[in-house]
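Keep the viewer handy as you read.

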Amino acid sequence: TLVVGFAAATASFSCARAADQIGVSYQPSLYWGLPFYYATQLGWWKEVGLSPKFSTFPAGAPQIAAGASGSWDVGGTGSVPAVLGAARFNIETIGITNDESKANALMATPKEYQAIKADPTKLKGQRILLTTNSTVDYATRNCLEKMGLKQGDVQFVNLGQAQIITAITSGNGNIAGVWAPNTYTLQDRAKAEYVCSGADAGAMVPGALVVTADYAKKNPENVAKFLAVYLRGWSWAKAHPAEAKKMALAFYKEGGLEATPEAMDQEFKLRPVFSLDEQLKLMDRSKGPSEVDGWFSNIGKYMTSVNTLSSNPDPKSYITDKYMKMVAADPKLRAFATEFDKK
C-alpha cells in the first residue's frame, strides 16, 4: 500500500521533466523514513532527476522479500532485515539511516516492570510479544543476556507491532519488544516502562539504507542521487528542527499513527543520524574492518544463533561505501547533500 498524501505529492514531478523512476521502500510512521517525506514535500527528488514510486511495509522481513522480487529498488530498513536480505536476496547495504539502539526496547506493564527490575529471573517462563527477525528481536535477546537469562528461559510470541500494542493495551500480554514510536504508545496507553533498550544492553542497532544488487549494477548514478537526497533530509532537519518536527507529525499521521509533540521530541533526541562525512568515516575500511562492519557482523552472529541464517555473511560481501563515495566525489551532489550542514 502507498501512503496516499505522500505519494500524491510526487505525481507532478514525473510530469515536470523526464526524471528516472526509482522504487523506494520504507516502513510508515518511522523516524528514519522522514528524509523521504521531506524530499517529497520540498521538491528535492526532481532536483536530482528522480521520480520516486513509494511502497510501504509493516516490518522489514516482508519488505526484504518484496525487494527480492524486484518490487522496489532502494529504501530504508532495519539492520536485521538488511542482513537477511544480504544472505538470501542479494540486497546491499549502502548507508546508515540512524542509530536506533535506544529506540528498540523490552517493555513491561507496571506490575511486571517492578517485579522484573527487582529480580530479572522473574522473566523466566514469561511470554514476550515481539516481531521476530527484527531489530527489536536483536535488542531483546541482548537484554536477556545482560540480565543473565538464556533465550530458552522465555517464550517468544511473534506478532506485528500493531498487534502487540493491541494485545498489551487490552490486557492480553504484559511484556513486549517494540520499536519507537510504538514504545511511546505503550508508555501512553498502558503505562508500560522500559525494562531494557538495545543501548542498555550494549547492542548497537543501526538502521540500513539498502539497494537491490541488480538495480545498483544498472543504475549506480541513481543510487548516489538517492543517497544525496536522503542525506540532505537529515542535514535540513538539523538546521530546521521546529519545521522538521512539525512535518514529522504529519508524516506519522499519514502512516496511521497519531504521535504527540513530546513523543516526536524523544524521536529526535534518541536517534542519532549521520552526515555524509560521518557515513564515510563509519564505513571506512582503510585500517581494517569498518565500524559498520563490526555492527553488522554482531547482528549476523545473532541471526545464526537463532537459526535464521546458517552462517554469518561477511559484511564486506554486502556493505559498500561505493555510492557514498560517489556523492562525495561529485561536487554538485556533495553540495546538495550537505547544503544545510553546520560549517
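## The disulfide

The S-S bond of C143 and C196 has a torsion of about -85°, so this disulfide is left-handed. The two sulfurs sit 2.1 Å apart, and the structure holds 1 disulfide, the term meaning a pair of cysteine sulfur atoms within 2.5 Å. C143 belongs to helix α8 (residues 135-146) and C196 to strand β9 (residues 193-197), so the bond ties together parts that are 53 residues apart in sequence. Helices (H or I, at least four residues) and strands (E, at least two) are DSSP runs, numbered from the N terminus.

A word on the ground rules: this is a predicted model, where local features need pLDDT of at least 70, side-chain atom pairs count only at pLDDT 80 or more, and totals for chains, interfaces and linings use all residues. Residues are numbered from 1 along each chain as its sequence is written, and side-chain values use heavy atoms, with hydrogens and water left out.

Most residues other than glycine have a negative phi, and most peptide bonds are trans. S29 has a positive phi, near 60°, and is not a glycine. You'll find S29 in the loop between β1 (20-26) and α3 (34-42).

The other spot is the peptide bond joining A180 and P181, which is cis with omega at about 10°. P181 sits in the loop between β8 (175-179) and α10.

## Helix α12 and its partners

How do α12 and α18 run relative to each other? The axes of α12 and helix α18 (residues 331-338) come within 7 Å and cross at roughly 30° (axes are lines fitted to C-alpha atoms, for helices over the stretch in contact, and angles run from 0 to 180 degrees between N-to-C directions). The two helices are therefore roughly parallel; angles under 35 degrees get that label, over 145 is roughly antiparallel, 65 to 115 roughly perpendicular and the rest oblique. On the α12 side, A224, K225, A228, V229, L231, R232 and S235 make the contact, while α18 brings L333, F336, A337 and T338. Contact here means heavy atoms within 4.5 Å. By class, that is 7 nonpolar, 2 polar and 2 charged residues (Ala, Val, Leu, Ile, Met, Phe, Trp, Tyr, Cys and Pro count as nonpolar, Asp, Glu, Lys and Arg as charged, and the others, Gly among them, as polar).

Now for α13: the axes of helix α12 (residues 220-239) and helix α13 (residues 241-254) come within 5 Å and cross at roughly 120°. That makes α12 oblique to α13. Here W236, A237, K238 and A239 of α12 meet P241, E243, A244 and M247 of α13, a set with 6 nonpolar, no polar and 2 charged residues.

## The two largest pockets

The largest pocket holds about 420 Å³ of space. A pocket is an open set of points on a 1 Å grid over the protein atoms alone, where a 1.4 Å probe fits, with protein on both sides within 12 Å along at least five of seven lines; lining residues have an atom within 4 Å of a point. Grid points are joined across faces, edges and corners, and a volume is the space filled by probe spheres set on the points. Of the 21 lining residues, P28, Q161, A162, N182 and L257 are closest to the centre of the largest pocket. Helix α9 (161-169) gives the most to this lining, with 4 residues. The lining has 10 nonpolar, 9 polar and 2 charged residues.

The second largest pocket has a volume of about 230 Å³. Its lining counts 22 residues, with A59, G60, T131, S134 and W179 nearest the centre. Helix α5 (residues 60-68) supplies the largest share, 3 residues.
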